[in-house]
2 protein chains.
Amino acid sequence: MFAALAHAVRRQVLLVLHFRGGSLPAGKLAERFACSWPTTSRHLRVLEHAGLVRVERRGRERIYHLERPLLERVVGGWLAWFRDPPQG
Amino acid sequence: MFAALAHAVRRQVLLVLHFRGGSLPAGKLAERFACSWPTTSRHLRVLEHAGLVRVERRGRERIYHLERPLLERVVGGWLAWFRDPPQG
DNA sequence: CTCTCTGTTAGCGAGTTCGCTAAATACCTC
DNA sequence: GAGGTATTTAGCGAACTCGCTAACAGAGAG
C-alpha cells in the first residue's frame with residue numbers, strides 16, 4: 001500500500017479523484033497527466049492492486065473510484081502510532 | 001519522502017525509533033532487523049536523505065534521531081486533503 | 001602503533017519500476 | 001460486420017532498488 005503511494009503521479013491521481021467527487025473515467029484522469037496514456041493506465045493498475053481505487057466498467061468507459069476509507073485507515077492508522085509519546 | 005516510506009523495514013525503523021524514545025545508535029537498530037547490517041545502514045541513509053531521521057556522531061557510535069514533526073507534517077498534511085468532502 | 005568495536009562505502013547481481021511505442025481488446029454505432 | 005472510441009496489454013530499454021559480501025574508516029583501549 002505504501003509502495004503504491006511512493007510515486008507522485010499516483011498520489012496525484014488519488015487527489016484528482018477526491019476533488020472530482022471520488023470517481024472519474026480513465027480518460028479524464030489520463031488527460032491530466034504529462035505521461036502517456038498507457039503509463040497512466042499502469043499507475044491506475046498499481047493503485048487498483050493496492051486496493052486504493054476500484055474500477056467499474058460502464059459501457060466502453062472504465063470509471064475509477066477512490067477507496068477513501070482504506071486510504072485513511074491504513075495511512076492514518078500507521079501515522080497514529082506516532083501521535084502520542086510512547087512512554088506517556 | 002513517500003518513497004522513503006515505501007519499504008517495510010524503513011517504516012519499522014521509524015516505529016522502533018519512536019517507541020525507544022526517539023533515538024538509538026545504528027547498531028541497536030540494525031540488530032533488530034533480519035537484513036544484513038550494511039543493508040540496514042543503507043535504509044538509514046534513505047531515511048536521512050528524506051529528512052525523516054537525523055544522525056548525530058557520538059564517539060564511535062552514530063545516534064539516529066526520529067524527525068517526528070516532519071513525518072507528521074508531510075504525511076498528515078497530505079492525508080488531510082482527503083479528510084473533508086471536497087464539495088462541502 | 002595495533003587491536004577492536006562501530007558503522008559505512010564499494011561493488012555485484014537479481015528483480016522491479018517507469019517511461020515509451022505499437023498492437024490488441026472491448027464496446028457502441030451504423 | 002465495418003468503423004470509431006476508450007482503454008488495456010505487450011514488449012523494450014534505462015534506471016533504480018535491495019539484498020549480499022568484502023573492504024574501508026574513525027574512535028577508543030591497551
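Residues are numbered from 1 along each chain as its sequence is written, while chains are lettered from A and ligands numbered from 1 in the order in which they are written. In this predicted model, local features need pLDDT of at least 70, side-chain atom pairs count only at pLDDT 80 or more, and totals for chains, interfaces and linings use all residues.

**Exercise 1. Check the length of helix 3 of chain B, then find which residues are buried and which are exposed.**

Step 1. Helices (H or I, at least four residues) and strands (E, at least two) are DSSP runs, numbered from the N terminus. The expected span is 1.5 Å times one less than the number of residues. For the 13 residues of helix 3 (residues 37–49) of chain B, that should be 18 Å. The end C-alpha atoms are 18 Å apart, which agrees.

Step 2. Count C-beta atoms, placed from the backbone: 20 or more others within 10 Å means buried, 12 or fewer exposed, in between partly exposed. Thr40(B), His43(B), Leu44(B) and Leu47(B) are the buried residues of helix 3 of chain B. Their arc around the axis (taken from the directions from the helix axis to the C-beta atoms) is only 100°, so they lie on the same side of the helix.

Step 3. Turn to the other side of the helix. Pro38(B), Arg45(B) and His49(B) are exposed there.

Step 4. Look past the end. Gly51(B) follows helix 3 of chain B and has a positive phi, near 85°.

**Exercise 2. Describe how helix 4 of chain A and helix 4 of chain B cross.**

Step 1. The axes of the two helices (residues 68–80 in each chain) come within 10 Å and cross at roughly 155°.

Step 2. Classify the angle. Under 35 degrees is roughly parallel, over 145 roughly antiparallel, 65 to 115 roughly perpendicular, the rest oblique. Therefore helix 4 of chain A is roughly antiparallel to helix 4 of chain B.

Step 3. List the contacts (C-beta atoms, placed from the backbone, within 7 Å). Glu72(A), Val75(A), Gly76(A) and Leu79(A) meet Glu72(B), Val75(B), Gly76(B) and Leu79(B).

Methods
Axes fitted to C-alpha atoms, helices over the stretch in contact; angles between N-to-C directions. Contact = placed C-beta atoms within 7 Å.
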